[in-house]
Amino acid sequence: MTTLPFIKWAGGKRRLLPRLLPLVRATGGRYHEPFLGGGAVFFGLAPAGAVLSDANARLINAYVVVRDSVEALVPALSKFTYEKSVFLDTRRSLDAGTEVERAAKLIFLNKTCFNGLYRVNARGEFNVPFGKYVAPTICDADGLRKASTALKRAEIRHEHFERVLERAVAGDTVYFDPPYLPISATSSFTSYTEGGFSLSDHRRLRDVAQALSAQGVRVVISNSAAPAIRALYGDGFSVAEIAAARSINSNGDGRAAVTELIISARLTAPKA
Ligand SMILES: C[S@@+](CC[C@H](N)C(=O)[O-])C[C@H]1O[C@@H](n2cnc3c(N)ncnc32)[C@H](O)[C@@H]1O
(Lines give C-alpha, C1' and ligand atoms only; values in the text may rest on other atoms or scores of the structure.)
Protein backbone atom coordinates (compact mmCIF):
# COMPACT_ATOMS: atom_id res chain seq x y z
CA MET A 1 0.00 0.00 0.00
CA THR A 2 1.50 3.31 -1.05
CA THR A 3 0.98 6.16 1.37
CA LEU A 4 1.36 9.84 0.55
CA PRO A 5 2.68 12.59 2.84
CA PHE A 6 -0.09 14.21 4.92
CA ILE A 7 1.70 17.56 4.82
CA LYS A 8 3.24 19.50 1.95
CA TRP A 9 6.87 20.50 2.58
CA ALA A 10 9.30 22.51 0.50
CA GLY A 11 11.86 20.18 -1.04
CA GLY A 12 9.43 17.24 -1.01
CA LYS A 13 10.87 14.23 -2.78
CA ARG A 14 7.80 12.63 -4.35
CA ARG A 15 8.95 13.19 -7.92
CA LEU A 16 12.39 11.80 -7.20
CA LEU A 17 11.15 8.57 -5.63
CA PRO A 18 11.95 6.43 -8.71
CA ARG A 19 15.61 7.50 -8.35
CA LEU A 20 15.80 7.41 -4.56
CA LEU A 21 13.88 4.29 -3.56
CA PRO A 22 16.27 1.77 -5.18
CA LEU A 23 19.14 3.40 -3.25
CA VAL A 24 17.47 3.19 0.17
CA ARG A 25 15.41 -0.01 -0.19
CA ALA A 26 15.60 -2.27 2.85
CA THR A 27 18.59 -4.50 3.32
CA GLY A 28 17.28 -5.92 6.58
CA GLY A 29 18.19 -3.09 8.95
CA ARG A 30 16.19 -0.05 10.05
CA TYR A 31 15.57 3.04 7.93
CA HIS A 32 16.49 6.49 9.39
CA GLU A 33 15.31 9.85 8.04
CA PRO A 34 16.77 12.66 10.18
CA PHE A 35 15.49 15.63 8.08
CA LEU A 36 11.96 14.30 7.86
CA GLY A 37 9.94 17.25 6.45
CA GLY A 38 6.99 15.80 4.51
CA GLY A 39 8.50 12.31 4.76
CA ALA A 40 7.89 11.43 1.10
CA VAL A 41 10.72 8.90 1.00
CA PHE A 42 9.60 7.16 4.21
CA PHE A 43 6.00 6.91 2.97
CA GLY A 44 7.12 5.73 -0.47
CA LEU A 45 9.45 3.12 1.01
CA ALA A 46 7.14 1.81 3.77
CA PRO A 47 10.01 0.18 5.70
CA ALA A 48 9.37 -2.42 8.39
CA GLY A 49 11.28 -0.39 11.00
CA ALA A 50 12.20 3.29 10.98
CA VAL A 51 13.47 6.19 13.06
CA LEU A 52 12.10 9.52 11.85
CA SER A 53 13.28 12.84 13.23
CA ASP A 54 13.37 16.56 12.58
CA ALA A 55 14.45 19.70 14.44
CA ASN A 56 10.99 21.25 13.95
CA ALA A 57 9.00 20.58 17.16
CA ARG A 58 5.62 21.55 15.63
CA LEU A 59 6.14 19.17 12.74
CA ILE A 60 7.19 16.29 15.00
CA ASN A 61 4.17 16.86 17.24
CA ALA A 62 1.94 16.52 14.15
CA TYR A 63 3.61 13.21 13.20
CA VAL A 64 3.16 11.81 16.72
CA VAL A 65 -0.49 12.86 16.76
CA VAL A 66 -1.16 11.35 13.30
CA ARG A 67 0.43 8.09 14.47
CA ASP A 68 -1.15 7.87 17.93
CA SER A 69 -4.35 9.94 17.91
CA VAL A 70 -5.67 10.07 14.35
CA GLU A 71 -9.30 9.50 15.44
CA ALA A 72 -9.11 12.62 17.65
CA LEU A 73 -7.27 14.60 14.97
CA VAL A 74 -9.84 14.05 12.20
CA PRO A 75 -12.74 15.84 13.98
CA ALA A 76 -10.41 18.58 15.28
CA LEU A 77 -9.17 19.29 11.75
CA SER A 78 -12.62 19.03 10.18
CA LYS A 79 -13.76 22.05 12.25
CA PHE A 80 -11.55 24.46 10.29
CA THR A 81 -13.02 26.49 7.43
CA TYR A 82 -11.08 28.08 4.57
CA GLU A 83 -11.38 31.76 5.58
CA LYS A 84 -8.70 34.39 5.98
CA SER A 85 -9.86 35.40 9.48
CA VAL A 86 -9.71 31.76 10.66
CA PHE A 87 -6.26 31.44 9.08
CA LEU A 88 -4.93 34.56 10.83
CA ASP A 89 -6.36 33.53 14.23
CA THR A 90 -4.84 30.07 13.84
CA ARG A 91 -1.47 31.45 12.83
CA ARG A 92 -1.42 33.64 15.97
CA SER A 93 -2.38 30.78 18.30
CA LEU A 94 -0.39 27.97 16.65
CA ASP A 95 1.36 26.91 19.86
CA ALA A 96 -1.72 27.04 22.11
CA GLY A 97 -3.88 24.04 23.01
CA THR A 98 -3.50 20.30 23.36
CA GLU A 99 -1.15 18.23 21.21
CA VAL A 100 -4.07 17.24 18.98
CA GLU A 101 -5.26 20.86 18.63
CA ARG A 102 -1.74 22.05 17.76
CA ALA A 103 -1.33 19.30 15.15
CA ALA A 104 -4.71 20.24 13.62
CA LYS A 105 -3.65 23.91 13.48
CA LEU A 106 -0.36 23.13 11.76
CA ILE A 107 -2.04 20.91 9.15
CA PHE A 108 -4.79 23.50 8.55
CA LEU A 109 -2.19 26.25 8.00
CA ASN A 110 -0.19 23.95 5.70
CA LYS A 111 -3.27 23.27 3.54
CA THR A 112 -4.33 26.92 3.32
CA CYS A 113 -1.14 29.02 3.39
CA PHE A 114 0.69 30.38 0.36
CA ASN A 115 2.10 27.43 -1.60
CA GLY A 116 2.04 25.12 1.45
CA LEU A 117 5.27 26.65 2.68
CA TYR A 118 6.65 26.46 6.20
CA ARG A 119 8.64 29.54 7.14
CA VAL A 120 9.31 31.22 10.47
CA ASN A 121 10.76 34.57 11.48
CA ALA A 122 13.68 35.06 13.88
CA ARG A 123 11.32 34.57 16.86
CA GLY A 124 10.12 31.24 15.48
CA GLU A 125 6.68 32.62 14.53
CA PHE A 126 5.08 31.04 11.48
CA ASN A 127 4.71 33.90 8.98
CA VAL A 128 3.52 32.46 5.65
CA PRO A 129 0.56 34.46 4.24
CA PHE A 130 -2.93 33.15 3.45
CA GLY A 131 -3.00 31.22 0.16
CA LYS A 132 -5.52 31.45 -2.69
CA TYR A 133 -7.10 28.07 -3.43
CA VAL A 134 -10.38 26.81 -4.85
CA ALA A 135 -11.97 24.67 -2.12
CA PRO A 136 -8.77 23.21 -0.60
CA THR A 137 -9.05 19.81 1.11
CA ILE A 138 -8.31 20.57 4.74
CA CYS A 139 -9.07 17.18 6.27
CA ASP A 140 -8.29 14.13 4.14
CA ALA A 141 -9.43 11.58 6.74
CA ASP A 142 -8.59 8.58 4.57
CA GLY A 143 -5.08 9.87 3.80
CA LEU A 144 -4.46 10.65 7.49
CA ARG A 145 -5.54 7.13 8.52
CA LYS A 146 -3.22 5.57 5.93
CA ALA A 147 -0.35 7.76 7.14
CA SER A 148 -1.19 6.75 10.72
CA THR A 149 -0.95 3.06 9.82
CA ALA A 150 2.42 3.57 8.08
CA LEU A 151 3.76 5.55 11.05
CA LYS A 152 2.88 2.81 13.57
CA ARG A 153 6.09 1.10 12.48
CA ALA A 154 8.22 4.18 13.20
CA GLU A 155 9.94 5.74 16.20
CA ILE A 156 9.44 9.53 15.92
CA ARG A 157 11.84 11.95 17.59
CA HIS A 158 12.29 15.71 17.91
CA GLU A 159 16.04 16.12 17.63
CA HIS A 160 18.96 17.39 15.57
CA PHE A 161 20.39 15.22 12.82
CA GLU A 162 23.65 14.34 14.62
CA ARG A 163 21.72 12.12 17.04
CA VAL A 164 21.43 9.54 14.27
CA LEU A 165 24.99 8.58 15.23
CA GLU A 166 23.60 7.18 18.49
CA ARG A 167 20.82 5.25 16.79
CA ALA A 168 22.03 3.74 13.50
CA VAL A 169 23.90 0.43 13.54
CA ALA A 170 25.65 -1.63 10.86
CA GLY A 171 23.16 -2.82 8.24
CA ASP A 172 20.84 0.21 8.71
CA THR A 173 20.19 2.85 6.04
CA VAL A 174 20.17 6.63 6.60
CA TYR A 175 18.70 9.06 4.09
CA PHE A 176 19.65 12.71 4.68
CA ASP A 177 17.59 15.41 2.95
CA PRO A 178 18.91 18.59 4.61
CA PRO A 179 17.86 22.14 3.77
CA TYR A 180 19.84 22.61 0.56
CA LEU A 181 22.77 24.97 0.32
CA PRO A 182 21.57 27.68 -2.08
CA ILE A 183 23.24 27.69 -5.49
CA SER A 184 23.48 31.45 -5.13
CA ALA A 185 22.59 33.85 -2.33
CA THR A 186 19.38 34.94 -4.06
CA SER A 187 18.02 31.43 -4.55
CA SER A 188 17.67 30.98 -0.78
CA PHE A 189 13.87 30.99 -0.50
CA THR A 190 13.01 29.89 3.00
CA SER A 191 14.17 29.14 6.49
CA TYR A 192 12.84 25.87 7.91
CA THR A 193 14.04 26.63 11.40
CA GLU A 194 15.02 29.79 13.25
CA GLY A 195 18.71 28.98 12.92
CA GLY A 196 18.85 28.10 9.20
CA PHE A 197 21.42 25.58 7.93
CA SER A 198 24.89 26.96 7.16
CA LEU A 199 27.89 25.66 5.25
CA SER A 200 29.43 24.55 8.54
CA ASP A 201 26.27 22.52 9.24
CA HIS A 202 26.76 20.88 5.81
CA ARG A 203 30.38 20.12 6.71
CA ARG A 204 29.23 18.56 9.98
CA LEU A 205 26.68 16.49 8.04
CA ARG A 206 29.45 15.19 5.75
CA ASP A 207 31.47 14.20 8.84
CA VAL A 208 28.45 12.39 10.31
CA ALA A 209 27.95 10.58 6.97
CA GLN A 210 31.60 9.48 7.00
CA ALA A 211 31.36 8.24 10.59
CA LEU A 212 28.19 6.26 9.84
CA SER A 213 29.69 4.74 6.73
CA ALA A 214 32.75 3.64 8.69
CA GLN A 215 30.38 1.79 11.03
CA GLY A 216 28.77 -0.14 8.13
CA VAL A 217 25.66 2.06 7.83
CA ARG A 218 24.45 2.76 4.29
CA VAL A 219 24.17 6.54 3.71
CA VAL A 220 22.39 8.45 0.93
CA ILE A 221 22.26 12.28 0.85
CA SER A 222 20.34 14.75 -1.32
CA ASN A 223 21.64 18.27 -1.85
CA SER A 224 21.88 21.10 -4.33
CA ALA A 225 24.61 21.10 -6.97
CA ALA A 226 26.31 24.12 -5.33
CA PRO A 227 30.08 24.06 -5.90
CA ALA A 228 30.69 24.12 -2.13
CA ILE A 229 28.65 20.90 -1.76
CA ARG A 230 30.51 19.15 -4.58
CA ALA A 231 33.75 20.15 -2.88
CA LEU A 232 32.65 18.55 0.41
CA TYR A 233 31.95 15.10 -1.04
CA GLY A 234 35.17 13.78 -2.55
CA ASP A 235 36.87 10.53 -1.51
CA GLY A 236 34.52 7.91 -0.13
CA PHE A 237 31.42 9.21 -1.88
CA SER A 238 29.77 8.67 -5.28
CA VAL A 239 27.97 11.74 -6.59
CA ALA A 240 25.19 11.48 -9.20
CA GLU A 241 23.60 14.49 -10.89
CA ILE A 242 19.87 14.39 -11.50
CA ALA A 243 17.36 16.79 -13.04
CA ALA A 244 14.70 17.70 -10.48
CA ALA A 245 11.54 19.71 -11.18
CA ARG A 246 11.08 22.71 -8.89
CA SER A 247 8.09 24.99 -8.45
CA ILE A 248 8.77 28.33 -10.04
CA ASN A 249 5.52 30.19 -9.48
CA SER A 250 3.05 30.89 -6.71
CA ASN A 251 0.59 28.16 -7.74
CA GLY A 252 3.29 25.53 -7.66
CA ASP A 253 2.27 24.35 -11.12
CA GLY A 254 5.01 26.05 -13.11
CA ARG A 255 8.12 23.86 -13.05
CA ALA A 256 11.71 24.23 -14.13
CA ALA A 257 14.38 21.54 -14.17
CA VAL A 258 17.30 22.17 -11.85
CA THR A 259 20.27 19.92 -11.32
CA GLU A 260 20.64 18.45 -7.88
CA LEU A 261 22.86 15.79 -6.35
CA ILE A 262 22.31 12.33 -4.91
CA ILE A 263 25.38 11.41 -2.91
CA SER A 264 26.04 7.85 -1.73
CA ALA A 265 28.75 6.98 0.76
CA ARG A 266 30.88 4.01 -0.29
CA LEU A 267 30.78 1.52 2.55
CA THR A 268 34.17 1.42 4.19
CA ALA A 269 33.41 -1.26 6.78
CA PRO A 270 31.93 -4.73 6.30
CA LYS A 271 28.22 -4.98 7.08
CA ALA A 272 27.20 -6.76 10.27
C1 LIG B 1 14.40 19.60 2.83
S2 LIG B 1 13.43 19.46 4.24
C3 LIG B 1 13.09 17.77 4.15
C4 LIG B 1 12.20 17.36 2.99
C5 LIG B 1 11.60 15.96 3.17
N6 LIG B 1 12.61 14.93 3.24
C7 LIG B 1 10.55 15.63 2.11
O8 LIG B 1 10.80 14.83 1.24
O9 LIG B 1 9.48 16.23 2.18
C10 LIG B 1 14.59 19.71 5.53
C11 LIG B 1 14.11 19.47 6.95
O12 LIG B 1 15.23 19.56 7.83
C13 LIG B 1 14.80 20.08 9.08
N14 LIG B 1 16.01 20.59 9.77
C15 LIG B 1 16.65 21.78 9.62
N16 LIG B 1 17.76 21.83 10.39
C17 LIG B 1 17.84 20.63 11.03
C18 LIG B 1 18.77 20.04 11.94
N19 LIG B 1 19.86 20.71 12.35
N20 LIG B 1 18.54 18.78 12.38
C21 LIG B 1 17.44 18.10 11.97
N22 LIG B 1 16.51 18.60 11.11
C23 LIG B 1 16.72 19.84 10.65
C24 LIG B 1 13.76 21.09 8.73
O25 LIG B 1 12.87 21.29 9.83
C26 LIG B 1 13.09 20.45 7.49
O27 LIG B 1 11.92 19.75 7.86
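Predicted model: local features only at pLDDT ≥ 70, side-chain atom pairs only at ≥ 80, totals over all residues.
**Exercise 1.** Determine how many residues surround the ligand, which are the closest, and how the shell divides by residue class.

*Solution.* Step one is to collect the shell: 21 residues surround the ligand. Step two is to identify the closest of these, namely Gly11, Phe35, Gly37, Gly38 and Asp177. Step three is to sort the shell, which gives 11 nonpolar, 7 polar and 3 charged residues.

**Exercise 2.** Classify the packing of α4 against α6 and describe the contact.

*Solution.* Helix α4 spans residues 70-78, and its axis lies 9 Å from that of α6, at an angle of about 50 degrees. Angles from 65 to 115 degrees would count as roughly perpendicular and those under 35 as roughly parallel; α4 is therefore oblique to α6. The crossing of these two helices is right-handed. On the α4 side, the contact is formed by Ala72, Leu73, Ala76 and Leu77. The α6 side supplies Val100, Glu101, Ala103, Ala104, Ile107 and Phe108. By class, the contact of α4 with α6 holds 9 nonpolar residues, no polar ones and 1 charged.

**Exercise 3.** Carry out the analysis for α5 and α6.

*Solution.* The axes of α5 (residues 84-92) and α6 (residues 99-112) come within 10 Å and cross at roughly 135 degrees. Only angles over 145 degrees count as roughly antiparallel, so α5 and α6 are oblique to each other. Their crossing is left-handed. Phe87, Thr90 and Arg91 of α5 meet Lys105, Phe108, Leu109 and Thr112 of α6. These contact residues comprise 3 nonpolar, 2 polar and 2 charged.

Methods
Residues numbered from 1 in each chain as written. Near = placed C-beta within 6 Å. Nonpolar A, V, L, I, M, F, W, Y, C, P; charged D, E, K, R; others polar. Axes fitted to C-alpha atoms, helices over the stretch in contact; angles between N-to-C directions. Helix = DSSP H or I, 4+ residues; strand = E, 2+ residues; numbered from the N terminus. Left-handed = near helix turned anticlockwise from the far one by under 90°. Contact = placed C-beta atoms within 7 Å.
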